[in-house]
Amino acid sequence: MLTSHCIFEGGSLSENKRTALFAVHKRMGARLIPFGGWEMPVEYGGIAKEHAAVRSSAGLFDVSHMGEFEVRGPDALALIQRVTCNDAAQIEDGQAQYSALPYPEGTVVDDLLIYRHNAEHFLLVVNAGNIDKDFEWISTNNSFNARVENISDRISLLALQGPKALEILQKFTNTPLAPIQYYHFARGKVLEADAIISRTGYTGEDGFEIYFSPEHSESIWNAILETGAPHGVLPVGLGARNTLRLEAKLLLYGNDMDQTTSLLEAGLGWIVKLDKTAFVGREALLGQKQEGLKRKLIGFEMLSRDIAREHYPAFVNGTEVGHVTSGSPSITLKKNIGLAYLPAEHSAIGSTFQVSVRGRMCDAQVVRTPFYKRR
Amino acid sequence: MSPDDLLYTKEHEWIRVSDNVGTVGITLFATKELGEVVYIELPKVGDTFKTGDAFGNVESVKAVSELFLPVTGEVTAVNEDLGNAPETLNEDPYNKGWLIEIRMKDPSETSDLMSAEEYDEYTKSEE
């Protein structure tokens with residue numbers, strides 16, 4: 001048996017960094033794999049079970065590998081407006097925004113979250129594998145006087161996601177959670193830790209992401225799992241994180257978009273605000289919009305029982321026209337789903353195409369996304 | 001301890017030999033590496049393979065793995081029950097989770113394979 005087309009591929013484990021919870025994951029019997037330069041849990045007791053727990057109860061994720069930058073000073077907003085494509089001037093203190101760092105060509109340095117503490121203090125949250133690249137990119141474009149600091153090593157990040165997330169987390173904080181709106185955050189204590197409690201996530205469920213100092217990691221992790229266990233709360237690894245985010249059509253950097261795909265092709269036009277102040281990539285993105293897109297990232301379902309995986313080529317009438325960027329069984333929907341780049345003329349909902357699954361042509365159909373939407 | 005009536009490959013297949021017929025599956029170690037199996041692609045009865053040929057694929061949620069045949073021969077039976085119950089592979093990899101039966105051309109080929117003891121030693125070093 002030789003495993004290939006694994007969603008997680010990487011170098012040897014020994015070169016990788018570890019989160020503050022590494023020993024805890026090991027003790028819990030997690031399978032650890034290299035991901036984005038980190039040794040991370042891919043599953044604890046089965047991807048399908050963990051996935052279902054998040055949809056029906058809640059799941060706890062250690063996502064401390066994510067990167068955090070603080071941007072401070074009177075020019076903080078000016079720098080953020082320059083390097084990101086969404087309009088950061090539209091968010092208020094205590095609000096978060098999904099955005100991206102474009103290259104001048106309109107392709108993607110990274111996608112990120114922007115948190116506004118106040119007009120002169122922001123927090124940027126970036127992908128683990130892109131921390132150094134992003135920091136350098138932002139610094140290179142800092143012709144302002146903003147102070148940018150990489151604080152990734154001083155932050156632990158846990159995500160508690162699912163319909164029971166609020167009820168469980170509320171037991172460990174005096175900060176009222178119900179009033180925190182989606183994509184907003186509060187600062188408060190979680191157990192002993194000073195935390196940012198953010199109503200955000202990467203699963204398609206309600207839930208929270210909690211940022212705090214690493215020394216509190218184990219006490220918060222254990223408390224949530226012990227209290228949550230009778231409610232069906234499970235620890236969740238990167239395996240289910242991937243199947244959850246795919247069902248919700250949340251994109252994964254490096255798979256669904258990267259330095260070779262434009263933000264517009266990736267379907268991220270909703271975070272590209274061409275009418276805000278000038279930003280890196282604006283001219284290219286404006287040009288693409290005026291010319292029309294040649295290809296688009298679409299969601300598809302397999303019409304056969306085969307599973308399409310990333311990099312599998314896509315065909316129309318026997319001609320290779322694109323490729324799959326993410327593909328997996330959908331645990332909630334019991335179908336095989338995926339995302340693929342297809343020429344615009346073949347991207348309409350209902351269009352059919354073929355995916356070459358190890359040399360066999362298998363039928364697939366373009367469908368509406370997200371594949372899964374919570375009620 | 002892996003079952004001691006089977007022989008094992010480095011790629012984590014097992015074979016149960018009875019005269020010139022071999023029953024082939026994948027090991028418990030392999031199913032743990034894979035996670036929940038969701039789809040299995042197997043050959044047809046009558047297909048012939050040489051030692052080391054890929055004869056099918058096992059897919060879990062996160063990965064697809066190619067299966068290799070440890071002997072030369074012709075497929076005489078395929079475990080059809082796995083089509084609707086691929087999870088059988090995780091639940092009972094050495095019995096109900098068998099994959100194919102093969103009529104071996106040269107049963108002496110199995111002399112290169114590992115015993116249960118050797119295989120357990122081998123997987124310990126892979127962990």
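**Reading chain B**

Student: What share of the 127 residues in chain B is buried?
Tutor: Call a residue buried if 20 or more other C-beta atoms, placed from the backbone, lie within 10 Å of its own. In chain B, 41% of the 127 residues are buried. Keep in mind that this is a predicted model, where local features need pLDDT of at least 70 and side-chain atom pairs count only at pLDDT 80 or more, while totals for chains, interfaces and linings use all residues. Residues are numbered from 1 along each chain as its sequence is written, with chains lettered from A and ligands numbered from 1 in the order in which they are written.

Student: How many helices and strands does chain B have?
Tutor: Both are DSSP runs numbered from the N terminus: helices are H or I with at least four residues, strands E with at least two. Chain B has three helices and nine strands, in the order β-β-β-α-β-β-β-β-β-α-β-α from the N terminus. Its radius of gyration, taken over C-alpha atoms, is 13 Å, close to the 14 Å from the globule rule for 127 residues, so chain B is as compact as a globular protein of that length. That rule is 2.2 Å times the number of residues to the power 0.38.

Student: And where does chain B touch chain A?
Tutor: A contact puts two C-beta atoms, placed from the backbone, within 7 Å. Here 19 residues of chain B are in contact with 20 residues of chain A. On the chain B side, β4 (37-41), β6 (54-60) and β7 (64-68) each supply at least two residues, and β7(B) gives the most, with four.

Notes. A residue is buried if 20 or more other C-beta atoms lie within 10 Å of its own, exposed if 12 or fewer, and partly exposed in between; C-beta atoms are placed from the backbone.
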